[in-house]
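Biologist: I've got a model open and some quick questions. Can we walk through it together?

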Amino acid sequence: MVARLVIAAPSSGAGKTTVATGLMAAFAGRGLAVSPHKVGPDYIDPGYHALATGRPGRNLDAYMCGTGLIAPLFLHGARGCDLAVVEGVMGLYDGAADQGELASTAQVAKLLKAPVVLVVDASSQSRSVAALVHGFASWDPEVRIGGVILNKVATDRHEHLLREALGESGVPVLGVLRRAPAVATPSRHLGLVPVAERQAQAVEAVAAQAEQVLAGCDMEALLALARSAPDLHAEPWSAEVVGRLHAGGSGVPTLARTPSGGTPVALAGGMPTPRVAVAGGAAFTFSYVEHTELLQAAGAEVVTFDPLRDEALPEGTRGLVIGGGFPEMYGAELSANEPLRKAVAELAASGAPVAAECAGLLYLARSLDGRPMCGVLDADARMSERLTLGYRDAVAVSDSVLAPAGARMRGHEFHRTVIEPGAGPLAAWGLRQPERRVEGFVQGGVHASYVHTHWAGSPEAAARFVEHCA
């Protein structure tokens, strides 16, 4: 049994991230091992969760990974922990567009059999808060709302009115938080500024969030609520087990493994384990920890490098993964690192596997906002006023290092940039919704696309990539 809470809200902007991160840090500060989780595809909030707990923040995305993997992925992340805190996404019942409850916080809470704490922005209401909470608590009888935390409460009088109204709702008040500028986290065009870009300030903000939660919340009642969750009857997800199932699926040499199925010692034929370089640092902060685990389980040695600082790829690099992030904020610095840009272009020209998503796509382009990038792709990228956001149902158009033509994967787009042309002579994906189009580039060993994917939902992609590195 894993004690667990889901932190939800009626809508975005109510303070879920502040409350969830504050609870994680406060419980961790009391000596509990806290497992942090985030519903949906968000990359940024898990960075703050990791800062609060000292453990990797993990996503639970029912659209990209499937409903059957939610409990196993949760148990994998929560292994050995005293408590798990799951931050929701958007409003409690909001999910994938036109897909009912799919990928909503409510669905994940039901799959985890977890009690929900509803964070309500009470700044512009008093007695109406009871009607709001009653509506959310009664909408789906399978969702158990175990308590409310009132956020942005103005005065003692305001708190009294709110508590009096909620006394008739049957849902207990587990916390009252006043307005506190110190806990605020700055935002920009795609949400919060990532931890990697403001490490010192982020540490201070998380500490302030923990102090606010400790001062305003009934920690014992919240812990008791978390411990009231029933057993989950599921097996924890395992990258090693999944890796064994998919090894050799591309018809290229299968990896030799240790008897335990853990870190491989060599490839078949005695060749060394392939080294896969993964972009990191402030410009490339978007990644799922399961990607690294699956690459390692498939036989790769994973080494992180920072395109803002490193002038060469890690020695012996056989494959390259460049995930998402904010290259548009660091265009001048990335462009100025000409030695690394040339190294990336040379690796791609050699036919080595390169997997690039969103920010990685921009970095491989000829230019970004007029500044030279790696020049791997015959395309130019620029910032745009238009936000592209949403889940994607994708089919591989061309054979690539990630998928054979015709393979279906689910992903997510989230950017305020455009690249022209939007697809190469060999496109990466054909997208089914919201409109039919092709996008991305397959070029030699390069697979570059705006679509973010979660390899736990398609583990054959990691196995295929590492096998091609062999």
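Biologist: Where does Lys 152 lie?

Modeller: Lys 152 sits in strand S6, residues 145-153. Strands here are DSSP runs of E of at least two residues, helices are runs of H or I of at least four, and both are numbered from the N terminus. This is a predicted model: local features need a pLDDT of at least 70, side-chain atom pairs count only at 80 or more, and totals for chains, interfaces and linings use all residues. Residues are numbered from 1 along each chain as its sequence is written, and side-chain values use heavy atoms, with hydrogens and water left out.

Biologist: What is phi of Lys 152 near?

Modeller: Phi is near 60° there, a positive value in a residue other than glycine.

Biologist: And why does Lys 152 count as partly exposed?

Modeller: Because its relative accessibility is 29%. Buried means under 20% relative accessible area, exposed means over 50%, and partly exposed is in between, with a 1.4 Å probe and protein chains only.

Biologist: Now Lys 113. Which loop holds it?

Modeller: Lys 113 is in the loop between helix H5 (105-112) and strand S5 (116-121). Its phi is near 50°, again positive in a residue other than glycine. Lys 113 is partly exposed, at a relative accessible area of 42%.

Biologist: Where is there a cis peptide bond?

Modeller: Between Glu 420 and Pro 421, with omega at about -5°. Pro 421 belongs to the loop between strand S19 (408-420) and strand S20 (429-431).

Biologist: Switching to helix H4. How many of its residues are buried?

Modeller: 9 of its 9 residues, so H4 (residues 70-78) is mostly covered. Among them are Pro 72, Phe 74 and His 76.

Biologist: What comes just after H4?

Modeller: Gly 80 takes a positive phi there, about 80°.

Biologist: Ala 352 next. Buried or exposed?

Modeller: Ala 352 counts as buried, because its relative accessibility is 10%. Ala 352 lies in the loop between helix H13 (338-349) and strand S15 (354-357).

Biologist: What is Ala 352 in contact with, leaving aside its neighbours within four places in sequence?

Modeller: Arg 318, Leu 347 and Gly 445. Contact means heavy atoms within 4.5 Å.

Biologist: How far is Ala 352 from Ala 96?

Modeller: C-alpha to C-alpha, 35 Å in space, and 256 residues in sequence.

Biologist: Zooming out. How many helices and strands in the protein?

Modeller: The protein has 15 helices and 24 strands. Its C-alpha trace spans about 70 × 50 × 40 Å along the principal axes.

Biologist: What radius of gyration does the protein have?

Modeller: 23 Å, which agrees with the value near 23 Å for a compact globule of 470 residues. The radius is taken over C-alpha atoms, and the globule rule is 2.2 Å times the number of residues to the power 0.38.

Biologist: What share of the residues is buried?

Modeller: 57% of the 470 residues. As for contacts with a separation of 6 or more, 74% are between residues 24 or more positions apart.

Biologist: What pLDDT does the protein average?

Modeller: The average is 92, and 93% of the residues score at least 70. Over residues 250-270 the pLDDT is below 50, though this stretch has 43 contacts in the model beyond near neighbours in sequence. pLDDT is the predictor's confidence in each residue, from 0 to 100.
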